[in-house]
Amino acid sequence: MTPSPHRRTLLRIAVAALSATAIAPAIGADYPAKPIRFVVPYAAGGTTDLVARTVGQRVGEKLGQPVVIENRPGAGGNIGMDVVAKAAPDGYTIGFGAISTNALNPHIYRSVPFDPRKDFTAVSLLGTSTIVLEVGAGFPVKTVRELVSYAKTHPGLTYATAGAGTSMHLAGVMFAQATGTNLTHAPYKGSSPAINDLLGGHINVMFDNLPASLPHIQAGKLRALAVAGKTRWPSLPDVPTLAEAGLEGYAVEPWFGVYGPAGLPAPVLQALNAAFVEALANPEVRDKLAKAGFNPKGSSAAELQSLTLSEYERFGKVARTANISVD
């Protein structure tokens with residue numbers, strides 16, 4: 001007996017539903033079934049490393065699998081994020097992106113092996129930080145005004161950052177332009193080696209993400225002259241912004257986020273987003289990161305993607321105006 005058209009339609013719907021149910025576990029219902037690699041594209045010991053390890057531990061507890069931190073520094077973060085872009089889109093490789101890797105670098109490096117607009121799946125914002133302009137405790141400068149005066153009488157004064165193409169590099173270039181000073185950039189492979197040279201007196205000035213430098217500032221080993229954001233930072237309430245110190249309109253505010261390769265399956269993305277948002281809302285995690293000078297903040301995947309696209313456009317204009325380029 002031949003089924004009626006209506007019966008055939010019902011059968012097709014039933015088969016489709018059964019197929020979807022059978023396929024779903026393969027797409028992500030059993031995710032994660034093994035450890036997750038979290039690529040940090042900077043050297044160990046810096047801001048990104050601290051945040052990744054603190055948050056990653058909670059994410060691992062939530063998902064039931066370890067989150068293994070893998071530091072892959074170099075090329076302003078491009079090397080590590082390229083590893084993420086080229087990984088299988090299965091949720092077992094994610095990366096610690098930033099304002100530099102996912103908004104600024106494509107505009108200033110002659111060759112970037114990925115397009116942050118198309119080659120990643122945004123997962124969640126991790127939070128924001130501030131950049132601190134600091135000097136060694138023995139350096140004869142106590143204010144931004146004094147630093148500008150010193151730089152004008154010592155043309156070519158060298159400043160350190162955690163790497164070429166980072167937001168700290170951008171902050172230094174904008175500072176030199178705003179003050180009419182001739183500064184020389186000394187890029188390091190991460191904050192830690194630069195801070196060590198600053199502490200040792202081998203270099204005198206540095207633009208750094210605050211968390212890595214904060215303990216040394218609090219111990220009196222480094223002197224904070226100003227922060228680069230629009231507002232003062234809670235960890236350094238007595239330190240002015242660069243705008244307050246005389247550089248009207250100056251502001252660079254770093255942000256950080258989690259990205260996977262393009263094409264992450266929706267169930268995997270949802271699992272990762274939920275785990276990171278929950279970890280970033282955890283009081284112990286928030287307290288630890290806040291004390292380190294970091295402002296933890298999760299987001300939806302769509303919010304991070306929107307931020308990435310808008311910042312990509314904004315920093316394209318900034319890079320062209322500032323004429324920043326990295327070989």
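**Basis and confidence**

The model is predicted, so local features need pLDDT of at least 70 and side-chain atom pairs count only at pLDDT 80 or more, while totals for chains, interfaces and linings use all residues. Residues are numbered from 1 along each chain as its sequence is written, and side-chain values use heavy atoms, with hydrogens and water left out.

pLDDT is the predictor's confidence in each residue, on a scale from 0 to 100. The protein chain averages 89. A score of at least 70 is reached by 91% of the residues. Residues 5–26 stay under 50. For that stretch the model has four contacts beyond four places in sequence; a contact means heavy atoms within 4.5 Å.

Helices (H or I, at least four residues) and strands (E, at least two) are DSSP runs, numbered from the N terminus. Two strands pair if DSSP finds at least two bridges between them. Buried means under 20% relative accessible area, exposed over 50%, and partly exposed in between, with a 1.4 Å probe and protein chains only.

Strand 3 spans residues 93–98. Six of its six residues are buried, so the rest of the structure largely encloses this strand. In a regular strand, side chains alternate between the two faces of the sheet. In strand 3, both faces are covered. Thr93, Gly95 and Gly97 are buried on one side. Ile94, Phe96 and Ala98 are buried on the other.

Strand 3 runs parallel to strand 1 (residues 36–40), joined by three bridges. Here Arg37 stands opposite Thr93. Strand 3 also runs antiparallel to strand 10, joined by four bridges. Gly95 has Tyr259 of strand 10 as its bridge partner.

Strand 1 is largely enclosed too, because four of its five residues are buried. Five bridges link strand 1 in parallel to strand 2 (residues 67–71). Val40 stands opposite Asn71 in strand 2. Strand 1, helix 2 and strand 2 form a right-handed β-α-β unit. A crossover is right-handed if, with the strands pointing away from the viewer, the path from the first strand over the helix to the second runs clockwise.

Five strands form an open sheet of mixed pairing, in the order 7-6-8-5-9. Strand 7 (183–187) and strand 9 stand at the edges. Each has a single partner strand, so one side of each lacks a neighbour in the sheet. Neighbouring strands are turned by 30° against each other on average, direction ignored. Strand 6 (residues 157–161) pairs with strand 7 in the parallel sense over five bridges. Within this pairing, Thr158 has Thr184 as its bridge partner.

Helix 6 (residues 167–179) touches strand 5 (131–136), strand 6, strand 7 and strand 8 (205–209). Its direction makes about 135° with that of strand 8. Helix 7 (residues 191–199) touches strand 5, strand 6, strand 8 and strand 9. The direction of helix 7 makes about 145° with that of strand 8. Axes are lines fitted to C-alpha atoms, for helices over the stretch in contact, and angles run from 0 to 180 degrees between N-to-C directions.

**Salt bridges**

A salt bridge is a side-chain nitrogen of Lys or Arg within 4 Å of a carboxyl oxygen of Asp or Glu. By this rule the count is eleven.

| Pair | N to O distance |
|---|---|
| Asp49 and Arg53 | 3.0 Å |
| Glu284 and Arg58 | 2.6 Å |
| Lys291 and Asp287 | 3.3 Å |

Asp49 and Arg53 are four residues apart in helix 2 (residues 47–63), about one helical turn. Asp49 is buried at 7% relative accessibility. Arg53 is partly exposed at 40%.

Glu284 is exposed at 58%, whereas Arg58 is partly exposed at 26%.

Lys291 and Asp287 are four residues apart in helix 10, again about one helical turn. Lys291 is exposed at 59%. Asp287 is partly exposed at 39%. Elsewhere, salt bridges with shared partners join Arg37, Glu70 and Arg72 into one network.

**A buried loop residue**

Thr241 sits in the loop between strand 9 (222–227) and strand 10 (255–261). Thr241 is buried, at 2% relative accessible area. Beyond its neighbours within four places in sequence, Thr241 contacts Ala226, Val227, Gly229, Lys230, Thr231 and Arg232.
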